[in-house]
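Biologist: Could you take me through this one slowly, please? I would like to look at a few helices and then a loop.

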Amino acid sequence: MTDTSAVKDALRRQQIETPSWAYGNSGTRFKVFAQRGVPRTPQEKIDDAAQVHRFTGVAPSVAVHIPWDKVDDYAALAAHAKERGVRIGAVNTNVFQDDDYMLGSVTNPDPAVRRKALDHLLEAVDIMDLTGSRDLKLWFSDGTNYPGQDDIRTRQDRMAEALAAVYERLGDDQRFLLEYKLFEPAFYATDLPDWGTSYAHCVKLGPKAQVVVDTGHHAPGTNIEFIVAFLLREGKLGGFDFNSRFYADDDLMVGAADPFQLFRIMYEVVRGGGYDAEAGVAFMLDQCHNIEPKIQGQIRSVMNVQEATAKALLVDAGALRSAQESGEVLEANAVFMDAYNTDVRPLLAELREEMALHPDPVAAYKASGYYERVAEERKDGQAAGWGA
């Protein structure tokens with residue numbers, strides 16, 4: 001039997017980072033639906049992120065995206081976050097929106113474009129220095145649409161050269177997390193299409209280069225928990241971008257499409273020691289809210305991760321190992337399913353009360369009046385977001 005007090009102790013230590021871009025207006029490539037009360041500045045995004053932490057108690061950091069969150073004084077932005085009870089988390093780079101990047105950024109055939117992209121990545125490390133951030137998040141849309149468009153091997157050489165330059169710039173307590181995506185916007189050959197490519201680059205560079213697993217960036221049917229187990233075993237799992245996808249995009253709330261998959265992933269995290277603080281695995285949300293309320297969507301997402309984690313912690317490790325070692329296939333599966341089928345909501349509600357939080361974070365947020373207040377305060381000015 002699993003000790004529920006130990007489970008609650010582990011959950012109390014959990015930290016889930018929310019992304020600044022989740023609080024702005026967003027949408028699909030066809031339409032962005034504007035909402036009332038959306039932040040106008042990076043400071044207001046942090047204010048909203050602080051509400052998620054206020055009501056969940058486990059979201060103490062907010063990731064920023066440059067240049068979407070560009071400010072004149074990053075130290076002041078970090079101080080603003082601290083005043084709100086949170087901190088700046090990962091710094092995310094953007095080398096995919098400028099016209100110069102039509103043929104790629106760090107793998108572009110044009111050395112001037114490659115230099116521009118690298119300068120932006122190095123600027124992001126400067127921002128890390130000013131904000132006290134540990135993690136630099138790197139995602140590249142680089143790739144080709146047609147066979148013969150560019151040399152595949154040469155593009156890998158260019159990628160390796162840029163990553164090495166960024167790695168060299170990192171401080172002793174900093175690292176970068178290298179993301180991958182199966183396809184889009186490059187439809188023939190994406191330069192970082194899978195975990196193996198990302199892993200190979202990171203292994204060559206050293207311990208400050210880690211792989212980040214975005215749960216929406218895989219082919220249908222991919223066993224993501226196997227990837228997690230392998231990377232943990234190799235000491236190369238730097239973090240997660242949690243979200244859900246039904247088809248080929250990844251901006252739905254984590255746990256929406258396949259909560260069982262999220263449980264399986266979190267079990268491998270627990271099993272592989274990735275849940276321990278010293279492992280350094282960053283649990284981050286990477287999703288936008290196109291039709292759902294922004295702050296509520298983030299609160300619900302945090303709760304979904306908490307529920308999956310609680311179930312993973314409830315797996316009876318002794319009974320599971322005994323069944324596995326004796327070859328009792330169905331018994332082993334039953335131990336696994338018993339944990340998944342456990343209703344952990346009462347346990348989490350009890351934990352929140354012990355943490356001096358409301359047992360229902362969404363209800364508490366809605367009753368706080370925060371949304372109504374900021375919707376009135378922010379009715380003038382330009383809302384943050386992106387057009388489509």
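Biologist: How many residues does helix α2 have, and how far does α2 reach from its first C-alpha to its last?

Modeller: Before I answer, note that this is a predicted model in which local features need pLDDT of at least 70, side-chain atom pairs count only at pLDDT 80 or more, and totals for chains, interfaces and linings use all residues. Residues are numbered from 1 along each chain as its sequence is written, and side-chain values use heavy atoms, with hydrogens and water left out. Helix α2 (residues 42-56) has 15 residues and reaches 21 Å, close to the 21 Å expected at 1.5 Å a residue, where the expected span is 1.5 Å times one less than the number of residues. Helices here are DSSP runs of H or I with at least four residues, strands are runs of E with at least two, and both are numbered from the N terminus.

Biologist: Is α2 mostly covered or mostly open?

Modeller: Helix α2 is mostly covered, with 13 of its 15 residues buried (buried means under 20% relative accessible area, exposed over 50%, partly exposed in between, with a 1.4 Å probe and protein chains only).

Biologist: And which residue follows α2?

Modeller: Gly57 follows α2, and its phi is positive, near 75°.

Biologist: Switching topic, how do α8 and α11 cross?

Modeller: The axes of α8 (residues 259-271) and α11 (residues 329-340) come within 11 Å and cross at roughly 110°; the axes are lines fitted to C-alpha atoms, for helices over the stretch in contact, and angles run from 0 to 180 degrees between N-to-C directions. That makes α8 roughly perpendicular to α11, since angles of 65 to 115 degrees count as roughly perpendicular, under 35 as roughly parallel, over 145 as roughly antiparallel and the rest as oblique.

Biologist: Which residues meet there?

Modeller: Pro259, Phe260, Phe263, Arg264 and Tyr267 in α8 meet Phe336, Met337, Ala339 and Tyr340 in α11, where contact means heavy atoms within 4.5 Å.

Biologist: Now the loop: where is Thr107, and why does Thr107 count as buried?

Modeller: Thr107 lies in the loop between β3 (87-92) and α4 (111-131), and Thr107 counts as buried because its relative accessibility is 0%. Not counting residues up to four places away in sequence, Thr107 touches Arg114, Asp142, Asp150, Arg155, Arg158, Met159 and Asp191.

Biologist: What about Asn108, buried or exposed?

Modeller: Asn108 counts as buried, at 4% relative accessibility. Its C-alpha atom is separated by 41 Å from that of Thr309, 201 residues apart along the chain.
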